[in-house]
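Work through the following exercises with the sequence and the coordinates side by side. Each task is followed by a solution that goes step by step.

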Amino acid sequence: MVKFSNSLVGFLNLLILLLSIPILAGGIWLSHRGSTDCEKFLQKPVIALGVFLLLVSLAGLVGACCRQSCLLWVYLLVMFVLIVLLFCFTIFAFVVTNKGVGQVVSGRGYKEYKLGDYSNWLQKRVNNNNNWRKIKSCLQDGKVCQSLQQKNETYSQFISTNLSPIQSGCCKPPSDCNFSYQSETVWIKPATSNSTDPDCDTWSNNQDALCYDCMACKAGVLANIKSDWKKVAVVNIVFLIFLIIVYSIGCCAFRNNRRDNSYPGWK
């Protein structure tokens, strides 16, 4: 009779195996249909995740149900490495997102963001031209600023709007520039300006450019990442506990395999 721990490990890995199939299919679909940098950026991680889950789940499933101690040992090794990496990433996420907060602007319903307020590690990631080109492509594909423009608000309505960090940084010029409002994404530069903010010169009324290359836009992206990473870190803690439980059950299944292989008459 197959031991309970073996059955449970086999069942869990069967579920993971079934989950890996649509993930892998989605990555392959992106590789054939992806036309923008954003889609191309996503396809490799998605395919890699699908292949990883597929191979690990197969090793766990065969190792537990077919009493293959070698495969189960590989599965447990991968699980142990995954637990260590997930633990390190969770700590790292809390550390690198500890700095950075939006600045309240007087008379505005939204906050504005400064790139220098965030950790050096995050700043280097968005200041890398190759990374930023891909991020900017995702922002443009997401039509974040286009959705803002469709509101057709007056100036008083616009400044009282609670904009997201990305909308605040990428879809309008900084308040210090003192531009004249025409619409949500069209602003007129003054003849002379006392502002030293380089984003004032970077701003463009070209709807494909706007402030996507501004420091404020990069800061808005980091503010969004900070919020998301903190949520992910909390989920990771729950997932880490789950992995530790599965790993412990897997160790029991591995011990059953070793014992049954040593004493075949006990099967």
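**Exercise 1: Overall form**

Of the 267 residues of the protein, 39% count as buried, where buried means under 20% relative accessible area, exposed over 50% and partly exposed in between, with a 1.4 Å probe and protein chains only. The model is a predicted one, in which local features need pLDDT of at least 70 and side-chain atom pairs count only at pLDDT 80 or more, while totals for chains, interfaces and linings use all residues. Residues are numbered from 1 along each chain as its sequence is written, and side-chain values use heavy atoms, with hydrogens and water left out.

Task: describe the elements and the extent of the protein.

Solution. Begin with the elements, taken as DSSP runs numbered from the N terminus (helices H or I of at least four residues, strands E of at least two): the protein has 10 helices and four strands, in the order α-α-α-β-β-α-α-α-α-α-β-β-α-α from the N terminus on. Next, take the extent: the C-alpha trace spans about 90 × 40 × 30 Å along its principal axes.

**Exercise 2: Aromatic rings**

Task: classify the ring pair of tyrosine 181 and tryptophan 187.

Solution. Rings of Phe, Tyr and Trp (its six-membered ring) pair if their centres lie within 6.5 Å, and planes under 30 degrees apart count as stacked, over 60 as edge-to-face and the rest as tilted. By this rule the count comes to 11 aromatic pairs. In one of them, the centres of the rings of tyrosine 181 and tryptophan 187 are 5.1 Å apart and the planes stand at 80 degrees, so the pair is edge-to-face. Tyrosine 181 is buried at a relative accessible area of 15%, and tryptophan 187 is likewise buried, at 6%. Both belong to a cluster linked by ring pairs, together with Tyr110, Tyr155 and Phe158.

**Exercise 3: The largest pocket and the second largest pocket**

Task: state which elements line each pocket and what classes of residue they bring.

Solution. On a 1 Å grid over the protein atoms alone, a pocket is an open set of points with protein on both sides within 12 Å along at least five of seven lines, and lining residues have an atom within 4 Å of a point. Grid points are joined across faces, edges and corners, and a volume is the space filled by probe spheres set on the points.

The largest pocket holds about 450 Å³, and among its 18 lining residues Phe52, Leu53, Leu82, Phe239 and Leu243 lie nearest the centre. Helix 1 (4–33), helix 2 (37–65), helix 3 (69–96) and helix 10 each supply at least two lining residues, with helix 3 giving the most, six. The lining has 17 nonpolar, one polar and no charged residues, where Ala, Val, Leu, Ile, Met, Phe, Trp, Tyr, Cys and Pro count as nonpolar, Asp, Glu, Lys and Arg as charged, and the others, Gly among them, as polar.

The second largest pocket holds about 370 Å³, and of its 15 lining residues the closest to the centre are Ile135, Val221, Leu222, Ile225 and Trp229. Helix 4 (120–127), helix 5 (129–141) and helix 10 each give two or more residues to this lining, and helix 10 gives the most, with six. By class, the lining of the second largest pocket has 11 nonpolar, two polar and two charged residues.

Technical notes:
On a 1 Å grid over the protein atoms alone, a cavity is a set of points where a 1.4 Å probe fits but cannot get out, and a pocket is an open set with protein on both sides within 12 Å along at least five of seven lines; lining residues have an atom within 4 Å of a point.
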